[in-house]
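Thanks for coming, everyone. Please take a moment with the sequence and the model on the screen.

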Amino acid sequence: MPPFGSGLLVLTAPLGALPRRAAAALAAAAGLVAGPLYVHLQPGLRLAAAPPPSPAAPPPAGPALLRALAALYAAAARRGMDLRVLLGPGRRLARPPRVLLLPASEAPGPPGPVRLGLQSLAAAAYGCPPDLPTLLLGDAAGDLDGDPEEDPECDPDAALPNFSGVAVGGTFDRLHGAHRLLLSTCCLLARDRLLAGVADGDLLRHKVLMELIEPYELRVAKVREFLEDVKPSLRYDIVRLLDPYGPTITDPDLQCLVVSQETRRGGEAVNKQRLENGLPALALHEILLMQDPDHGENEEEKISSSSLRHRLLGTLLRPPRQDPALPSRPYVIGLTGGTGSGKTSIARLLGGLGAFLIDADKLGHAVYVPGGPAYKQVVATFGAEILSEDGTINRKVLGAKVFGNEERLKSLTDIVWPEIARMVKEQIREAEAQGKAVCVLDAAVLLEAGWQDMVHEVWVAVIPEDEAVRRVVARDGLSEEAARRRLRSQMGNGQRVQQAQVVLCTLWEPHVTRKQVEKAWELLQQRLGRTRGP
């Protein structure tokens, strides 16, 4: 873990040099700062000069600054860094820096005066304590030799347009480098106010892995903290977007809408609505998408939240349960998911990797057979009409009696679930006797039945509802309406994910699922190795 929780990196090189230096500068800083890394840009500043330097106005809002921002945020995105390039001093930062950083190549002169100048600048610009530790970054930050003083493609006199009121919208899930560049561009365009719409509700319905999208309140808090850090002089209105337009079609004080190539048509639709409402059209300022050179299979080529959510599959989302009543061996995974989620195929893959499998559905069948632990009580409760001619319980008839009737369903589960739980515990003891290290309980009703108390981790298989409906129709021969009704009678994906340690998704090709499961298994082995020691 890096030693400092936050830091301030001061860059004094010409803006034209930053695109070539960004990756090296951030590589040097990444090993030192675990949390937010603030960046102060002041080209040409000499920190060792007397009197001590004072903060200057931020660099002019033009193409050179945008190129520098794009390079910095792209480099930070590759390392997963919380980077915040400051576009103007004026208030205390949300996460005060614990260390001051400067590339050694940008610090000519004796180190002592440079460090004092760095401390003086941070105190004057951001209210930092005057005695913060200062570090000069070594060769990893690169050297200015060979870097151009200015990018020849940039017009040094070019400037971005300036608007009183600017609007932007997005999901802003897991605020990443492309979001930060987008919001920073908005800050440069805005003179007084920025309206930021954060998507929620039905706008999220068709997002890839929507169950892993951060809560609205958390996304808003991250956006606000970032904006108020990078340019505190603006007024920020952050609103919930429940439709594609939000306030942009009714707000008379807006002048500009920031879009990308992907969202330009949406911007044009906004302007059509504004004209119909008697309002002037907004200037559409289009930004370039930030490419992701590290994107994997089934991930977007651009830096995107959906790719980040995809990378969460198979990883530990929250700590395992710590229950002294649970034996440490075998380590029990509770695997669950809705109808059509593919959890059974995941269970088979885990079995192939060495897990001892317990199929709760098979145990459920066993409790209903004549002589089984629940047979007599179920017949006594629901009547002989649920019996077939051979005396076995007809589960379709029984299902019809309880479907849609919560009271009857509870009566049935109160009988059956405790018996299945007892049989599961017997199977876990059998796994222990066989010396199995990991046991997987495959149970559709794991959470509804409260069986998570029997497991160390809950793993959830998710699938979009439309894909689940398609699978159920093909597998069971139901109508689409009946399949959807069945799915909606179950616990939703979002509720399951809220209780999950690990999430998996079988939406893509089988080999993609296999890679997810192998990744989850390998990470599990690492956790078990740390827990149990050598």
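One term before we start: contact means heavy atoms within 4.5 Å. With that in hand, look at helix α14, residues 480-488. Its buried residues are A482, A483, R484 and L487. Those buried residues pack against α13, which spans 465-476. A reminder on helices in general: an α-helix has 3.6 residues a turn, so residues three or four places apart point the same way.

Now let me step back. This is a predicted model. The chain has 534 residues, and 48% of them are buried. It holds 16 helices and 15 strands. The C-alpha atoms fill a box of roughly 95 × 70 × 35 Å along the principal axes. Take the contacts with a separation of 6 or more: 78% of them come from residues 24 or more positions apart.

Next, a helix pair. Two packed helices are described by the angle between their axes and the distance between the axes. Helix α11, residues 395-402, packs with α12 at an angle of about 130°. Their axes are 7 Å apart. The two helices are therefore oblique to each other. Who meets whom? On the α11 side we have L398, K401 and V402. On the α12 side we have R408, L409 and L412. The residues of this contact divide into 4 nonpolar, no polar and 2 charged.

On to the rings. The count comes to 2 aromatic pairs. One of them is W417 with W451, and it is edge-to-face. The centres are 6.5 Å apart, with 70° between the planes. What does this pair tie together? W417 lies in helix α12, residues 406-433, while W451 lies in the loop between β13 and β14, so the pair links parts that are 34 residues apart in sequence. W417 is partly exposed, at 22% relative accessible area. W451 is buried, at 5%.

Is Q452 buried or exposed? It is buried, with a relative accessible area of 17%. Leaving out residues up to four places away in sequence, Q452 touches R321, L446, L447, V458 and Q499.

The charged end of R240 sits over the ring of Y216, 3.8 Å from the ring centre.

Now P252. This proline lies in the loop between β8, 235-241, and β9, 256-260. P252 is exposed, at 54% relative accessibility. Setting aside neighbours within four places in sequence, P252 is in contact with R274 and L279. From P252 to S479 is 227 residues in sequence and 49 Å in space, C-alpha to C-alpha.

Last, some backbone details. Most residues other than glycine have a negative phi, and most peptide bonds are trans. Here are some exceptions. A cis peptide bond joins R329 and P330, with omega about -5°. P330 lies in the loop between α7, 305-312, and β11, 331-337. R174 is not a glycine, yet its phi is positive, about 50°. R174 lies in the loop between β6 and α4, and it is partly exposed at 24%. N298 also has a positive phi, near 65°. N298 sits in the loop between β10 and α7. At 34% relative accessibility, N298 is partly exposed.

That is the tour. Questions, please.

Terms used. Residues are numbered from 1 along each chain as its sequence is written. This is a predicted model: local features need pLDDT of at least 70, side-chain atom pairs count only at pLDDT 80 or more; totals for chains, interfaces and linings use all residues. Side-chain values use heavy atoms; hydrogens and water are left out. Rings of Phe, Tyr and Trp (its six-membered ring) pair if their centres lie within 6.5 Å; planes under 30 degrees apart count as stacked, over 60 as edge-to-face and the rest as tilted. Helices (H or I, at least four residues) and strands (E, at least two) are DSSP runs, numbered from the N terminus. Buried means under 20% relative accessible area, exposed over 50%, partly exposed in between (1.4 Å probe, protein chains only). A charge sits over a ring if NZ of Lys or CZ of Arg is within 6 Å of the ring centre and within 35 degrees of the ring normal. Axes are lines fitted to C-alpha atoms, for helices over the stretch in contact, and angles run from 0 to 180 degrees between N-to-C directions. Angles under 35 degrees count as roughly parallel, over 145 as roughly antiparallel, 65 to 115 as roughly perpendicular and the rest as oblique. Ala, Val, Leu, Ile, Met, Phe, Trp, Tyr, Cys and Pro count as nonpolar, Asp, Glu, Lys and Arg as charged, and the others, Gly among them, as polar.
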